[in-house]
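Let's take a walk through this structure together. Have the sequence and the 3D view open side by side as you read.

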Amino acid sequence: MVTSQNKYLAQRARLTTVTTVGHSLTGLSIAVLTLPKGRSLMWYLLVGHFFIFFANVPDFPLPGWGHASYEVSHSVFLTGLLASIMALLLLHPKFHEQVGAKVVLFWSITWLGHMVLDALYNHGQGIGIFWPFSDAHLILPVPWFETLTWPPFNEHNRRVFLIETGVYGIILAGCVWIRSRRKSENLGGVGP
Ligand SMILES: [Zn+2]
């Protein structure tokens, strides 16, 4: 049975790393940089939203997952295994033709990138990403990235969201600018 104290600790644990804002904007940035040009709007919506999905998968609040089972959901080994299973979809000719291997590769990179972003926080504790083989932590603290506090609605958290939106928004804008300067080439190699 989950006590209110445990619930409180679980809620706090969810606040110790990058927010959904930072992860989603980074997923979009990778999509902007890597998706081929010349596809339909529906294709971009369908394929593109999975970049946001995979950017946030490790934090999904599911039983035995998310920040409640941090070492499992943020393990690069488990992520690699799940991404490999996802790649089996490419065996289906229609999926291979419509989506393609490069898109699946960048979905996987976006998924793995989540762990790198979570390691950027200035608490300096990093995150354990090597479960089940090691409890070593990836620690890449950036001074201006602070973690959220509990309860959520306060001035500190507003600043955290603003900084994340600003930093990752600028990165996304840069990716859009880079993409706009490219010729209408097929970056993904998944068809015309
Ligand atoms: Zn996370």
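**A guided walk through the fold**

T19 counts as buried because 21 C-beta neighbours sit inside 10 Å. You'll find T19 in the loop between α1 (4–13) and α2. Setting aside neighbours within four places in sequence, T19 is in contact with L148, F161 and E164, where contact means that two C-beta atoms, placed from the backbone, lie within 7 Å. T19 and L117 are 98 residues apart along the chain, yet their C-alpha atoms are separated by 9.7 Å.

Before going further, a word on what you're looking at. This is a predicted model, in which local features need a pLDDT of at least 70, side-chain atom pairs count only at pLDDT 80 or more, and totals for chains, interfaces and linings use all residues. Residues are numbered from 1 along each chain as its sequence is written. As for pLDDT, that's the predictor's confidence in each residue, from 0 to 100. The protein chain averages 86, and 85% of the residues score at least 70. Over residues 1–14, though, the pLDDT is below 50, and this stretch has eight contacts in the model beyond near neighbours in sequence. Residues 187–192 also stay under 50, with 19 contacts beyond four places in sequence.

Now for the overall layout. The protein chain has eight helices and two strands; these are DSSP runs numbered from the N terminus, with helices being H or I of at least four residues and strands being E of at least two. Starting at the N terminus, the order is α-α-α-α-α-α-α-β-β-α. Of the 192 residues in the protein chain, 27% are buried. Among contacts with a separation of 6 or more, 68% are between residues 24 or more positions apart.

So what sits in the middle of the packing? Let's look at the nonpolar core, meaning a set of buried Ala, Val, Leu, Ile, Met, Phe, Trp, Tyr and Cys residues joined through C-beta atoms within 7 Å. The largest one has 20 residues, and L28, F51, F54, V103 and W107 touch the most other members. Two or more residues come from each of α2 (20–34), α3 (41–56), α7 (101–118) and α8 (155–181). In soluble globular proteins, nonpolar side chains tend to be buried together.

Buried in α7 are V103, V104, F106, W107, T110, W111, H114, M115, L117 and D118. Their cover includes α2, α3, α5 (76–87), β1 (127–128) and β2 (137–138).

How do α2 and α7 meet? Their axes come within 10 Å and cross at roughly 145°, where axes are lines fitted to C-alpha atoms, for helices over the stretch in contact, and angles run from 0 to 180 degrees between N-to-C directions. From α2, the contact uses G22, H23, T26, G27, I30 and T34, while α7 brings F106, I109, T110, G113, H114 and L117.

Next comes α3, where V47, F50, F51, F54, A55 and N56 are buried. These buried residues pack against α2 and α7. In α8, the buried residues are V160, E164, Y168 and L172, and what covers them includes α2.

F130 is partly exposed, since 16 other C-beta atoms lie within 10 Å. Beyond its neighbours within four places in sequence, F130 is in contact with S75, V76, F77 and A136. P132 is in this loop too, and a cis peptide bond joins W131 and P132, with omega at about 5°.

Technical notes
A residue is buried if 20 or more other C-beta atoms lie within 10 Å of its own, exposed if 12 or fewer, and partly exposed in between; C-beta atoms are placed from the backbone.
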